[in-house]
Amino acid sequence: MTSSPIPEGFRPFESRGLFTEKIGPLYTKADGDNTIFGFLADESHTNSNGVVHGGMMLSFLDEAMGQLVWYALDKKRCATITLNSDFVASAKPGDWIEAHAKINKKGLAVVFVRGELLVDDQRIMTADGIWKIIGK
């Protein structure tokens with residue numbers, strides 16, 4: 001297994017929940033007005049075929065997109081209503097996987113988000129989601 005180092009500028013992400021700690025460690029980096037999330041895939045993230053499990057990829061992208069919404073709402077509570085995803089390619093242990101996301105529309109009750117996972121600037125997954133604003 002060849003491992004990619006953690007890219008410069010990324011720092012450990014301080015999770016707000018026990019589940020996020022289980023899928024990590026996750027990393028984050030400010031990039032202008034955007035925040036990029038990343039993780040170094042290892043054997044614990046794989047399925048029986050030796051590639052990163054789709055559930056891991058979906059959980060990671062859900063976390064990254066949810067964090068984007070949470071910050072955009074000034075840390076109001078929010079929850080994923082729907083998350084539709086497309087797996088484009090696989091990832092393997094040793095890959096550095098980044099999550100990039102952007103808010104498409106922010107309403108009074110819901111937020112629409114688009115996200116993607118990248119390995120070496122190649123898209124491996126996309127997702128569109130809706131988050132419910134539940135906090136004050």
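Me: Which elements each supply at least two residues of the lining of the largest cavity?
Reply: This is a predicted model, where local features need pLDDT of at least 70, side-chain atom pairs count only at pLDDT 80 or more, and totals for chains, interfaces and linings use all residues. Residues are numbered from 1 along each chain as its sequence is written, and side-chain values use heavy atoms, with hydrogens and water left out. A cavity is a set of points on a 1 Å grid over the protein atoms alone where a 1.4 Å probe fits but cannot get out, and lining residues have an atom within 4 Å of a point. The elements, as DSSP runs numbered from the N terminus (helices H or I, at least four residues; strands E, at least two), are β3 (34-40), α2 and β5 (96-106).

Me: Which element gives the most to the lining of the largest pocket?
Reply: A pocket is an open set of grid points with protein on both sides within 12 Å along at least five of seven lines. Lining residues of the largest pocket include Arg16, Asp62, Glu63, Cys78 and Trp131. Two elements give two or more residues, α2 (54-72) and β4 (78-87). With four residues, the top contributor is α2.

Me: Why is one side of β1 and of β4 left without a neighbour in the sheet?
Reply: Two strands pair if DSSP finds at least two bridges between them. Seven strands form an open, antiparallel sheet in the order β1-β2-β3-β5-β6-β7-β4. β1 (11-12) and β4 stand at the edges, so each has a single partner strand.

Me: What is the bridge partner of Ala99 in β6?
Reply: A hairpin joins β5 to β6 through three residues. The two strands pair in the antiparallel sense over nine bridges. Lys106 has Val111 as its partner. For Ala99 the partner is Leu117.

Me: Which residue takes a positive phi in the hairpin of β6 and β7?
Reply: β6 and β7 pair in the antiparallel sense over 10 bridges. Val111 has Trp131 as its bridge partner in β7. The hairpin has two residues between the strands, and the positive phi, near 50°, belongs to Asp120.
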